[in-house]
Number of protein chains: 2
Amino acid sequence: MSHKEISKAVIKRLPRYYRYLGELKEAGVERISSADLSSLMKVTASQIRQDLNNFGGFGQQGYGYNVQYLRDEIAKILGLDHMHNMVIIGSGHLGQALANYTNFERNGFQVVGLFDNNKDLLGTVVNGIPIRMIDELPAFLAANEVEIAALTLPKDNAKKMVPVLLEGGIHAIWNFAHTDLNLIVPKDVAVQNVHLSESLMRLSYNLKTLQEDASPADQKEP
Amino acid sequence: MSHKEISKAVIKRLPRYYRYLGELKEAGVERISSADLSSLMKVTASQIRQDLNNFGGFGQQGYGYNVQYLRDEIAKILGLDHMHNMVIIGSGHLGQALANYTNFERNGFQVVGLFDNNKDLLGTVVNGIPIRMIDELPAFLAANEVEIAALTLPKDNAKKMVPVLLEGGIHAIWNFAHTDLNLIVPKDVAVQNVHLSESLMRLSYNLKTLQEDASPADQKEP
């Protein structure tokens, strides 16, 4: 089943629905009205109905949404209904932090390998996974079914890693390096860039804007 | 000077311009045409002209953009023209990874304090900064000018931390916990959420969509 007709904006919001439905499920909530979900998520009820109607009639008039069912359906749409094996390339603090996120596994992402080029890390075990040297990566990818590679490397190393990953059959890259890897991979490879510096700059901008709003000296002429 | 008239979409793109202009500057490039910047960033030249025209006449017909000048102007808009002091609450792998990002400092963000509630971390020094215990935070915030708090904590601890931060005069929260802190802070506090699990789910969705596109069995009826 293809969902190409669904807008990017809706897809972008789905993980957030998934997270809230997971929290509701954990709290023992079996069903929820769009009004209650709306006040919880601070999104209008009409936005919620519109978003979820994209995927057929999950909600019933006067009953609301079945939390478990809706969560399962969103999981299917996001491809979370089966386990994705992931390797992490770059086993410094960030790589190790990702390897320790138990949340990922709960959501269908299993870290199966950790790699680095720093020999001091050889023998270190993180969350049950031994750190391997980067030259073992091609053989590892050939021997294991791996879908996703997370890159927590300096940008030049990340770029150099791309052909190795493609050769090894990787079709999804979760990129933390300060470079837009989506610009250099073939079209059939999914890339999600996480540019932490840019997120911090947006925070800085918002902080500045709020400070300007609060400062009477900066108020505009009428 | 207020920039409220600038659309959110433009603001979202500015950090990326800033990054590319920084790379050009490092490479010794003094000026660049919108056509060249366009092919580098894979954005249309007209989009670039439109975006940058928001901030006045940085470009000159037949000359292009002065890289250093344009970068400095974007820095001012983003509030990167002065140093922001930041504390990191939660000094596990992710917190330590953030403390080690030299990139942040180059962009105007200085980590001045690291905090945790794990006594085993007391005495650990990361990038020159000693990890302090969380009960020292109020006194630290009273004694130091700190604008930003990065929260790399479990979600319940992150929520509990908010009143302490507000009390300490923090006006910007960079939140890595799996909760939408923007929903629980006053309006004059800037929050930027980094939800890593959601980014990974978007990658999973894109991977699934690409796989469906590649599989003839999933092609739609004509």
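How many bridges join strand 5 of chain A to strand 7 of chain A, and in which sense do the two strands run? Select strand 7 (residues 129-133) beside strand 5 of chain A, and you will find 3 bridges between them, with the strands parallel.

Before going on, note that this is a predicted model, in which local features need pLDDT of at least 70 and side-chain atom pairs count only at pLDDT 80 or more, while totals for chains, interfaces and linings use all residues. Residues are numbered from 1 along each chain as its sequence is written, and chains are lettered from A and ligands numbered from 1 in the order in which they are written.

**Strand 5 of chain A**

Towards strand 7 of chain A, select A:Leu114, which stands opposite A:Ile131. Strand 4 (residues 84-89) of chain A is joined to strand 5 of chain A by 6 bridges, again in a parallel run, and here A:Val87 stands opposite A:Gly113.

**Helices 1 and 4 of chain A**

Next select helix 1 (residues 8-26) and helix 4 (residues 67-78) of chain A, which pack at an angle of about 145° with their axes 9 Å apart. These axes are lines fitted to C-alpha atoms, for helices over the stretch in contact, and angles run from 0 to 180 degrees between N-to-C directions. Among the residues that meet are A:Tyr17, A:Tyr18 and A:Leu21 in helix 1 and A:Leu70, A:Arg71 and A:Ile74 in helix 4; two residues are in contact if their C-beta atoms, placed from the backbone, lie within 7 Å. The residues of this contact divide into 12 nonpolar, 2 polar and 2 charged, where Ala, Val, Leu, Ile, Met, Phe, Trp, Tyr, Cys and Pro count as nonpolar, Asp, Glu, Lys and Arg as charged, and the others, Gly among them, as polar.

**The sheet of chain B**

Move to chain B and display its 7 strands, which form an open sheet in the order 6-7-5-4-8-9-10 with mixed pairing; two strands pair if DSSP finds at least two bridges between them. Strand 6 (125-126) and strand 10 of chain B stand at the edges with a single partner strand each, so one side of each is left without a neighbour in the sheet. Within the sheet, select strand 8 (residues 148-151) of chain B, from which B:Ile148 and B:Ala150 point one way and B:Ala149 and B:Leu151 the other, all of them buried. Strand 8 of chain B pairs in the parallel sense with strand 4 of chain B over 4 bridges, and B:Ala150 is the bridge partner of B:Ile88. With strand 9 of chain B, strand 8 also pairs in the parallel sense over 4 bridges, and B:Ile148 stands opposite B:Ala172.

**Where the chains meet**

Finally, show both chains: 51 residues of chain B are in contact with 51 residues of chain A. Helix 9 of chain B gives the most to its side, with 16 residues, and that side has 22 nonpolar, 17 polar and 12 charged residues.

Methods:
Buried ≥ 20, exposed ≤ 12 C-beta atoms within 10 Å, placed from the backbone.
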